[in-house]
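Subject: Structure handover

Hello,

Here is the structure for you to look over. My notes follow below it.

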Amino acid sequence: DGDVVFRTAPSAALLQSLDDGPISFEVDHIDEALSEGWSVLFSGQAHVISDPAERQVAMEAGVAPWAGGDRDVYVRIVPDDVTGRRIRRL
């Protein structure tokens, strides 16, 4: 629905700062073979998904952690600002 949802560890330092104001989340991809890529930065308010129905929707969306370990805390960012850029070889 336009929000960013990710999973993190219960001990993640990020969880301590969610109420302090907006946070940012960046995702990018580099294709070394083509020497190009892209980067997108989302900034906005975030909260831990604690509502059972909202958590079920996140689980059904297939949100999987990239890093290993215990990462069963779901966080939702409602973006206020989204910026991005494409990186290309000239």
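One term before the notes: strands here are DSSP runs of E, at least two residues long, numbered from the N terminus. This is a predicted model.

Confidence
The protein chain has an average pLDDT of 91. Of the residues, 100% score at least 70. By element, strand 3 has the highest mean, at 95. Helix 1, residues 52–60, has the lowest, at 92.

Pocket
The largest pocket has a volume of about 280 Å³. Its lining consists of V5, F6, R7, F25, V63, A64, P65, W66, A67 and R71. Strand 1 contributes the most to that lining, with 3 residues. By class, 8 of the lining residues are nonpolar and 2 are charged. No polar residue takes part in the lining.

Core
Which residues make up the largest nonpolar core? There are 11 in all: V4, F6, A12, L15, L18, I23, F42, A46, V73, V75 and I77. Strand 4 supplies the largest share, 3 residues. Nonpolar side chains tend to be buried together in soluble globular proteins. Note F6 when you look at the model. F6 is in the core, and F6 also lines the largest pocket.

Salt bridges
How many salt bridges does the structure hold? The count is 2. In one of them, R76 pairs with D3, and the closest N and O atoms are 3.2 Å apart. R76 sits in strand 4 and D3 in the segment before strand 1, so this pair ties together parts that are 73 residues apart in sequence. E54 also forms a salt bridge with R76, with the closest N and O atoms 2.7 Å apart. Through shared partners, D3, E54 and R76 are joined into one network.

Are these side chains buried or exposed? R76 is buried, at a relative accessible area of 15%. The cut-off for buried is under 20%, so R76 falls below it. D3 is partly exposed, at 30%.

Loops
Two loop residues deserve a look in the viewer. P10 lies in the loop between strand 1 and strand 2 (23–31). P10 counts as partly exposed, with 47% relative accessibility. Its C-alpha atom is separated from that of R71 by 6.8 Å, although P10 and R71 are 61 residues apart along the chain. R71 is also one of the residues lining the largest pocket.

S35 is in the loop between strand 2 and strand 3. S35 has a positive phi, about 55°, and is not a glycine. Most residues other than glycine have a negative phi. S35 is partly exposed too, at 35% relative accessibility.

Regards

Notes
Residues numbered from 1 in each chain as written. Predicted model: local features only at pLDDT ≥ 70, side-chain atom pairs only at ≥ 80, totals over all residues. Heavy atoms only, no water. Core = buried A, V, L, I, M, F, W, Y, C linked by side-chain atoms within 4.5 Å. Buried < 20%, exposed > 50% of the residue type's maximum accessible area, 1.4 Å probe, protein only. Helix = DSSP H or I, 4+ residues; strand = E, 2+ residues; numbered from the N terminus. pLDDT = per-residue confidence, 0-100. Salt bridge = Lys/Arg side-chain N within 4 Å of Asp/Glu carboxyl O. 1 Å grid on protein atoms, 1.4 Å probe; cavity = no way out; pocket = protein on both sides within 12 Å on 5 of 7 lines; lining within 4 Å. Points joined across faces, edges and corners; volume = space filled by probe spheres on them. Nonpolar A, V, L, I, M, F, W, Y, C, P; charged D, E, K, R; others polar.
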